[in-house]
Amino acid sequence: MDKGKIRLYDTYQGMIRPFKPIKDNEVDIYYCGPTVYNYVHLGNMRPAITFDLLSNFLSEVGYDVKLVSNYTDIDDKIIAESIKEGKSEKELSLFYIKAYEDCLNKLKISPLYYHPKASEYIDKMVDFIDDLIKDGKAYKAGNDIYFRVHSVPSYGKLSNQNLEELEAGKRIDVASGKEDPLDFVLWKLTDDQGIKFDTKIGLGRPGWHTECVCMVDDVFSSPLIDIHGGGFDLKFPHHENEIAQSLAHNNTTLANYWMHVGFLMTGGEKMSKSLGNSILAIDVLSRHLGEAVRLFFYQTNYRSPINYSEEILEECDKKINKYLSSIRRASVSLDYNNIKTDDLYDQEIYEELLEALADDLNTANALAVFDKAFKMLNSNSKNLDKLNAILNTIIKMSNVLGFKFNKYSLTDEERKLIDDYNKARSEKDYSKSDLLRAKLLEKNLI
Ligand SMILES: [Zn+2]
């Protein structure tokens, strides 16, 4: 596919734009990962699925993709939870990182280029904040160090708000010593019982908004990357604050494209821990196939909200099992006849899938193409060469979509069963062939 056809919705510019990476053949993507103090809810998996799909797609069209997502393992919520559970903060965060990664594996998310942790970036953040203080873009007040939002006149562009609108009705908390209500914490000076670091800017710990800016610069060796993403709720203030710090320190907007993934809704409200309506990813993935969860999200554009539905997830399970049965039947037929070439595929329909994804990841259209390929598979059971080409196409498509389906190979026992069935039929031994047919059907081999 011609890479020039790729278009992505960029929240920063507020429009769909042709995608052009900074380097010719490489795409650098970063999305904000979870704060690991608890099990994540299902909505938290939507960015992971979306950026995995984007990464698979861009790799498939020929880019070398570096996909990075962080773990926030320093946070007041982690401290509170570790006290509650009687664990160290490190123990607690590692436990929930493992739980999150189990979900990634069940969803067949490809391994990321890197998963940085905030705790590994303290020195970088301290230097970064120190630079901002020296430049007059950050200041100490009361017990904390704040970012001076007014040092960045374009603040608010990402979330489409201007400084005056943002400030309307807000009052300065006099006790905090803040100069402006919008100024946000970069470093929390504290001697409380939570994790803290004795540094040149004081004893304390970083605020949430600084870590991603420092990680991007360090992991990609550049203060400007191609795509920065996350959940819709991160647009303001988190991403707005990331951009402000990047402009103040590096004179870049941190990324050329900003992508935001819509909410998962339940009962008319956004699913969130604070609203108490969370459905945990780990629970959903114990009831449903990982591929079915992907299919569920793909039915709606990644930017739109989607309603949680147990019934639709069950339908998705059925649909995935149907896909798997079709693949198994076609594989058996090809394997039995020793047709094993993997490289022949139907380029035309494959291009259709890539073109759907090139259109700002239009997954609904991509699924329609995927279904069309299955119709072709099911209607070409007798034409083995064609069947082989379509099956190969479906496997390729499933890799891009992240389902990662595999062809099925016959065991010796199953091959013998088919031999016996064919023999009974050719000998017109119908009672025997009926019996064997029932066995083959039961094993989903015909
Ligand atoms: Zn972030």
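Reply: L186 touches I129, L132, A138, I145, Y146, F147, G207 and T210, leaving aside residues up to four places away in sequence, where contact means that the C-beta atoms of two residues, placed from the backbone, lie within 7 Å. This is a predicted model, in which local features need pLDDT of at least 70 and side-chain atom pairs count only at pLDDT 80 or more, while totals for chains, interfaces and linings use all residues. Residues are numbered from 1 along each chain as its sequence is written.

L186 is, with I29 and I129, among the residues with the most contacts inside the largest nonpolar core, which has 113 residues. Such a core is a set of buried Ala, Val, Leu, Ile, Met, Phe, Trp, Tyr and Cys residues joined through C-beta atoms within 7 Å, and a residue is buried if 20 or more other C-beta atoms lie within 10 Å of its own.

Turning to the strands (DSSP runs of E, at least two residues, numbered from the N terminus; two of them pair if DSSP finds at least two bridges between them), β1 (residues 7-10) runs antiparallel to β2 (residues 15-18) and is joined to it by four bridges. Y9 stands opposite I16 in β2, and the two strands form a hairpin with four residues between them, where G14 in the turn has a positive phi of about 70°.

Elsewhere, three strands form an open sheet of mixed pairing in the order β13-β12-β14. β13 (269-270) and β14 (306-307) stand at its edges with a single partner strand each, so one side of each is left without a neighbour in the sheet.

Terms used
Buried ≥ 20, exposed ≤ 12 C-beta atoms within 10 Å, placed from the backbone.
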